[in-house]
Amino acid sequence: MKTRLEDQIRSEIEARGAISFAEFMELALYGQGGFYESPPIGESGHFITSPHVHPVFGRLVAGALESFWERLERPAPFKVLEAGAGDGTLASLILDASPLPIEYTTVERSAGAREEIGRRGIRATTELEPADAIVANELLDNLPFHRVRARSEGLVEVGVGVVAGRLAEVEIPCRDEVAAQTPPLAPGEEVAVSLEALGFVDNLANVMRNGYALLIDYGSATGESRDTHGYRKQRLVEEVLADPGSTDITAGVDFRALADRAREWKLQVFGPVRQSEALVKLGFAEWSRGERDLQAGLLQDGSGMAAVKAWGGRNEANLLVDPAGLGGLLWIVLATPGLPSPEWLQPQPDNPGADT
């Protein structure tokens with residue numbers, strides 16, 4: 001059944017011809033009736049991010065922010081900006097865990113998300129602002145991207161048109177600005193090119209005067225992203241054109257391209273490293289041992305149900321460092337010139353995306 005959002009997409013196609021996949025994503029995710037009109041995350045939502053798995057994630061990210069604060073000579077207030085804050089869960093966890101004099105601001109396009117964040121008593125706005133530290137957790141993989149495909153005669157984009165009455169993939173000419181960001185491809189190969197992710201780095205560079213930005217996302221540390229898919233009700237969806245607005249659309253982030261863009265702005269690049277590595281260096285193992293000791297103590301005291309709850313929480317938290325799952329997320333830090341690398345995120349000498 002067609003929705004008003006699908007009618008809007010069809011109207012755009014009828015008026016201008018086939019649209020780019022990035023334009024389709026913009027409407028399907030962020031348009032009126034789009035997927036992000038209301039926060040779609042959490043146990044009852046379409047997908048779960050690290051802050052919803054266990055509160056220890058917020059505690060450890062707060063530790064990362066504290067390392068920035070120390071290297072910035074302890075500013076007060078410590079201005080923290082979270083881009084793509086969703087329902088505000090990470091913001092709340094950080095504020096609950098941190099003793100620092102944090103002045104916390106969130107950035108969200110979704111009016112529904114801003115309302116949810118406001119109910120938590122946290123400031124929400126729509127644009128990046130100057131800050132000492134900026135955090136973006138699983139934001140960049142949802143920014144609209146172009147799908148570029150190589151043919152023997154050159155590059156084309158995978159666009160969206162109407163074929164036999166249905167929204168369908170069609171090939172359209174590749175725009176020059178998209179082709180300029182496309183890595184070498186063999187005929188038949190396809191890649192996701194996110195001009196918006198690069199634009200996000202541009203915006204960061206414009207608001208960063210003296211500080212750090214922590215970017216956390218799925219993607220590749222050594223090259224381009226080739227995997228486009230969707231999520232609905234915590235299940236993988238391969239067909240993302242059907243019923244627009246009902247499905248998240250995502251592709252892994254090209255961290256090498258982000259790092260190169262950051263360096264063009266004279267920003268330092270630290271990492272990327274896997275989330276599993278970063279969280280362990282920030283104290284995950286010590287926290288886990290403490291929870292295990294707590295569980296043993298509860299059992300000795302005869303508090304069986306509390307011990308089971310502690311055991312269950314520790315098992316849930318282990319998902320954060322599982323290399324096959326959330327532990328495979330990449331963490332990268334951008335910093336203004338002259339600032340040192342955090343001790344928990346040292347450059348990797350065998351990683352071509354890292355500064356040395």
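Before I list any neighbours: contact here means heavy atoms within 4.5 Å. I also keep in mind that this is a predicted model.

**Entry: R147.** I started with R147, which is placed in strand β6, residues 146-151. Buried or exposed, I wondered of R147? R147 counts as buried because its relative accessibility is 7%, and the cut-off for buried is under 20%. Leaving out residues up to four places away in sequence, I find R147 touching F21, V156, E157, V158, E169, E190, V191 and T228. With E190 there is a polar contact as well: the two side chains are joined at 2.8 Å.

**Entry: S194.** Next I looked up S194, which sits in the loop between β9 (190-193) and α8. S194 comes out at 18% relative accessibility, so it counts as buried too. A polar atom of the S194 side chain lies 2.9 Å from the backbone nitrogen of A197. Not counting residues up to four places away in sequence, S194 touches L143, P144 and F145.

**Entry: α8 by itself.** From the loop I moved on to the helix. I count 13 residues in α8, with 19 Å from the first C-alpha to the last. That is close to the 18 Å expected at 1.5 Å a residue. Which residues of α8 are buried? My list reads A197, L198, G199, F200, V201, D202, L204, A205 and V207. What do the buried residues of α8 pack against? I noted β2 (78-83), β5 (133-137), β10 (212-217), β17 (330-335) and helix α9.

**Entry: α8 with α9.** I then checked the helix pair, α8 (residues 195-207) and α9 (residues 255-264). Their axes come within 9 Å and cross at roughly 35°, and the crossing is right-handed. On the α8 side I see A197, L198, V201 and D202, which meet A257, L258, R261 and A262 of α9. By class, this contact has six nonpolar and two charged residues, and no polar ones.

**Entry: whole protein.** Last, I zoomed out. I get 12 helices and 17 strands in the protein. Of its 356 residues, 55% are buried. I also looked at contacts between residues at least 6 apart in sequence: 73% of them join residues at least 24 apart.

Note on methods: Residues numbered from 1 in each chain as written. Predicted model: local features only at pLDDT ≥ 70, side-chain atom pairs only at ≥ 80, totals over all residues. Heavy atoms only, no water. Axes fitted to C-alpha atoms, helices over the stretch in contact; angles between N-to-C directions. Helix = DSSP H or I, 4+ residues; strand = E, 2+ residues; numbered from the N terminus. Left-handed = near helix turned anticlockwise from the far one by under 90°. Nonpolar A, V, L, I, M, F, W, Y, C, P; charged D, E, K, R; others polar. Expected span 1.5 Å × (residues − 1). Buried < 20%, exposed > 50% of the residue type's maximum accessible area, 1.4 Å probe, protein only. Polar contact = N/O pair within 3.5 Å; in protein donor to acceptor, adjacent residues only side chain to side chain.
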